[in-house]
Amino acid sequence: MAADVRTKVVSEIGKIVVGREREIDLLLMCLLARGHVLLEGVPGVSKTLLANAFSRCLGLQFTRVQFTPDILPLDILGGFVFNLKNREFEFRKGPIFTNILLADEINRAPPKVQSALLESMQELQVTVEGYTETLLFPFMVIATQNPLEFEGVYPLPEGQLDRFMVKISFKYPTQEVESSILKRNLSSIDVADINTVVTLAELDALVREVENVKVSDEMIAYLARVASATRTEGSLVLGASPRAMVQLLRCSRARALLNGRTYVTPDDIKAIASDVLTHRLTIDRAAALKGVSKDPEAILTAILDRVEPPR
Amino acid sequence: MVSDQVILGGLLIINLALYFPLVWAVFKRRKHRVSASNLADAFNGLELALKDAVPDLPAGFTWEEAVARLRASGVQTKGIDQALNSYQAYRYGGLPLPDQDFLEVVRVANMLGGTTAAKGRGGRSVGG
């Protein structure tokens, strides 16, 4: 069933978003594993369109919030307003009360707003002045940021980056994909053309199924060896946190399920390790100056090439 | 004048010099042949053969990576793909070891040159 859902979602979104199958896969894995996604890419590489199409084909509520330097936590979470009719304060829900929240240009918002949002992402609830309101199910934040902006931005600190299950880097499309995009745009395309292909009940069942995907003790030991290798790697000052490894495990289970399996293989872990771990690794600047690779992805690949998986 | 015995002896030595390397090669090949009694043994033999035959394969290789590498070098892997699914279900999914045809896995392991080693999982002998 999960593999069918994956095929349907990829094909439906493919109607308007070209050449982003891997990104769609990662979004779906993340949703099933109850994680959040950070999309990084220059403007115009279909980040927002993909997020919108994704929620539409799953029939989920979608809200987009443009993050700006003057935004307040209240603008995201909601707050108490005075109701003149009954002369009482009542909680007015903010845009976070949705299924898919697109936090556009998250690094433009001040740290106070970023941390308010990220707390809710972790706890799946909002607490304002002692009043707690649970978020909808499923709930996923898709945040975007432009890697080339340095002015007027508040880069997410390591602790907050750690809350995102995966970071998907949107690169420019290949020439072939670019041609397909141009051809597709010869006639008007609209996100409204996307049909809902999965019901909420199916999605709920899949989320539960992820928890039944088997992870052998040997696979757990393999993950622990990978974690340890990132922490003892000389060219990194910050390796993978225990939370990162838990998220890698959850995401691997979702990947296994979407590939029609009921157990995790080392390929599941290796296939997504870069997406789950790279944004949490911090390069040692001193090592980088000595000519050691400055690319966390290359360092992680070298680690994965070294650590022997169960065979 | 050279006696017949010397000629015979010389011919014998020439024959030995010619055929010994051939016999030795056959013997060595037989010794290194992978033989397996089940799917797990077959994959253990293939793993050892891969390590011997493809020294640049990283220590962290997975089965899918190894099979992709074989496929890229022109090896027919259809039989291995099917067997691998069953093996992984046993190995990682805790399902019982299937009574599946593993000859294709053994064939590829031997095609790679077999192995000089060793013991299969569960103590079964893999090398000849």
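Start at R107 of chain B: with a relative accessible area of 39%, R107(B) is partly exposed (buried means under 20% relative accessible area, exposed over 50%, partly exposed in between, with a 1.4 Å probe and protein chains only). This is a predicted model, in which local features need pLDDT of at least 70 and side-chain atom pairs count only at pLDDT 80 or more, while totals for chains, interfaces and linings use all residues. Residues are numbered from 1 along each chain as its sequence is written, chains are lettered from A and ligands numbered from 1 in the order in which they are written, and side-chain values use heavy atoms, with hydrogens and water left out.

**Stop 1: salt bridges**

Why are E104(B) and R107(B) separated by about one helical turn? The two lie three residues apart in helix α5 of chain B, so about one turn separates them (helices are DSSP runs of H or I with at least four residues, strands are runs of E with at least two, and both are numbered from the N terminus). An α-helix has 3.6 residues a turn, so residues three or four places apart point the same way.

Next, select E308(A) and R311(A). Their closest N and O atoms are 2.9 Å apart, in a salt bridge. E308(A) is partly exposed, at 37% relative accessible area, whereas R311(A) is buried, at 2%.

Then go to R20(A) and E23(A), which form a salt bridge with the closest N and O atoms 3.3 Å apart. Buried or exposed, R20(A) and E23(A)? Both are buried. Over all chains the count of salt bridges comes to 23.

**Stop 2: chain B and helix α3**

Chain B has five helices and zero strands. Of its 128 residues, 37% are buried. Among contacts in chain B with a separation of 6 or more, 69% are between residues 24 or more positions apart (contact means heavy atoms within 4.5 Å).

Select α3 (residues 63-72). Its buried residues are W63(B), A66(B), V67(B) and L70(B). These residues cover an arc of only 95 degrees around the axis, so they sit on the same side of α3(B) (the arc is that of the directions from the helix axis to the C-beta atoms). They pack against α11 (266-277) of chain A, together with α2 (39-53), α4 (78-91) and α5 (103-111) of chain B. Step just past the end of α3(B) to G74(B), which takes a positive phi of about 90 degrees.

**Stop 3: the sheet in chain A**

Switch to chain A and display the strands. Five of them form an open sheet in the order β2-β5-β8-β1-β9, with parallel pairing (two strands pair if DSSP finds at least two bridges between them). L39(A) stands opposite T144(A) in β8(A).

Now move to G35(A), in the loop between α2 (21-32) and β1 of chain A. G35(A) counts as buried, at 2% relative accessibility. Which residues does G35(A) touch, not counting those up to four places away in sequence? They are C30(A), M140(A), M165(A) and R250(A). From G35(A) to M165(A) the C-alpha distance is 5.2 Å, across 130 residues of sequence.

**Stop 4: a hairpin in chain A**

Select β3 (residues 78-83) and β4 (residues 88-93) of chain A, which pair in the antiparallel sense over six bridges. G79(A) stands opposite R92(A) in β4(A). Four residues lie between the strands of this hairpin, where R87(A) takes a positive phi near 55 degrees.

**Stop 5: confidence**

Color by pLDDT, the predictor's confidence in each residue, from 0 to 100. Chain B averages 81, and 81% of its residues score at least 70. Select residues 117-128 of chain B: the pLDDT there is below 50, and beyond near neighbours in sequence the stretch has 33 contacts in the model. Where pLDDT is low, the predicted coordinates should not be read in detail. For the complex, the predictor gives an ipTM of 0.79 and a pTM of 0.85.

Notes: A salt bridge is a side-chain nitrogen of Lys or Arg within 4 Å of a carboxyl oxygen of Asp or Glu.
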